[in-house]
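Hi everyone, thanks for coming.

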Amino acid sequence: MKRRDFMKRVLGSGVLMATSSLPALAEDDPSVFPKRGRFERLSLNYATIHIGLREPFSVLHISDTHLTAAYPHEGSKKQTLHKSRTVTFGGRQEEALRDSLDWARKYVDYVVHTGDLIDWQSEANFDLVRKYFGNQIFGALGNHEYSPDMWLSDPKEQHVEAYKDLSRDTLAQVYPFDLSFHSQVIHGVNFIAIDDVYCTVTPEQVKRFHEEVKRGLPIILCMHVPFYTDDLWRASRRFWSSKEGERFRSARVDHNSSYKIQQEDPVTRDFINYLKQEPLLKGILCGHEHITVQDRFSPTAIQYSVAGNFQFHGQEILFV
């Protein structure tokens, strides 16, 4: 079967978003980087996951686009966030997303987005999700997807499942997948996406994961918040240093970091310990930290954290 015929067939099955389904986008403004190649603004990392496939395929993994759009008729909170957060993320998030997807159409087979596609909920942000991904998006939500108005929200954000319940119905109208857990099989590889935006997983998610394991297929886990590893913490600590100009003088691991909850919550702790022994797990795709880090998670799996798409970052992963 030819590659294009294959992708036409799987599109009807609701699988990972095939790049042939992405919209055709306008050419770059020639006045921007006029002497450089079209996609040189993109900062792409490359990795290979060895599974033993008969038919290799490739995925563009992006995360943390942080779209900050708001229509003029949306309320004062949305307008305040639009102004302040657009400054925070540079104002070129849509451009970065567009360039990433246009590059993907030409050079890879599928796209996975692992959360914080939007910075907070707005009609304009939701319309951008529909514009660029339609009903073919695959991936995971981020913590920002659950934020109606970020710090301006009432009630204030609480890192519990009950807080997510306030937005689930709204988000379900925009993101065409099970927000908590969904899976798709591509070329014999089971991509499983879970919602772990507050660093925890639920008993229901664990139960559903075990059901997927019974299929006996190699697994790629997609989620927003990475699982804690010492080297990931070190890299994150260097990037998010709280004092300007501070040097990272020690390799000491701080187990009081924000990832401590992954060990304090018994369901999440046990799930992580189980995953480290699961031979079918071949890789983890995640974001959240706005840095690109690859670190060993288990004997069979590397965890691939990708830097913010708002800064034109992404990573191409070849599955062989």
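Let me begin with a term we'll need: a polar contact is a pair of N or O atoms within 3.5 Å, and within protein one of them must be able to donate a hydrogen and the other to accept it. Please also keep in mind that this is a predicted model.

Now, let's find aspartate 195. It sits in the loop that runs between β6 (189–194) and α7 (203–213). Which side chains does the side chain of aspartate 195 make polar contacts with? One is the side chain of tyrosine 146, at 2.7 Å. Another is the side chain of lysine 164, at 3.1 Å. If we leave out neighbours within four places in sequence, the residues in contact with aspartate 195 are Tyr146, Lys164, Leu179, Ser180, Thr200 and Gln205.

Is aspartate 195 buried or exposed? It is buried, because its relative accessible area is 2%, and buried means under 20%.

Next, some backbone geometry. Most residues other than glycine have a negative phi, and most peptide bonds are trans. With that in mind, look at the loop between β3 (57–62) and α2 (76–89), where you'll find aspartate 64. Aspartate 64 is not a glycine, and yet its phi is positive, at about 60 degrees. Histidine 66 is in the loop between β3 and α2 too, and its phi is also positive, near 60 degrees. As for accessibility, aspartate 64 counts as buried at 0%, and histidine 66 is buried with a relative accessible area of 1%.

For the peptide bonds, go to the one joining aspartate 154 and proline 155: it is cis, with omega about 10 degrees. Proline 155 belongs to the loop between α4 (123–133) and α5 (161–165).

Last topic: cysteines. A disulfide is a covalent bond between the sulfur atoms of two cysteines.

Terms used: Residues are numbered from 1 along each chain as its sequence is written. This is a predicted model: local features need pLDDT of at least 70, side-chain atom pairs count only at pLDDT 80 or more; totals for chains, interfaces and linings use all residues. Side-chain values use heavy atoms; hydrogens and water are left out. Helices (H or I, at least four residues) and strands (E, at least two) are DSSP runs, numbered from the N terminus. Buried means under 20% relative accessible area, exposed over 50%, partly exposed in between (1.4 Å probe, protein chains only). Contact means heavy atoms within 4.5 Å.
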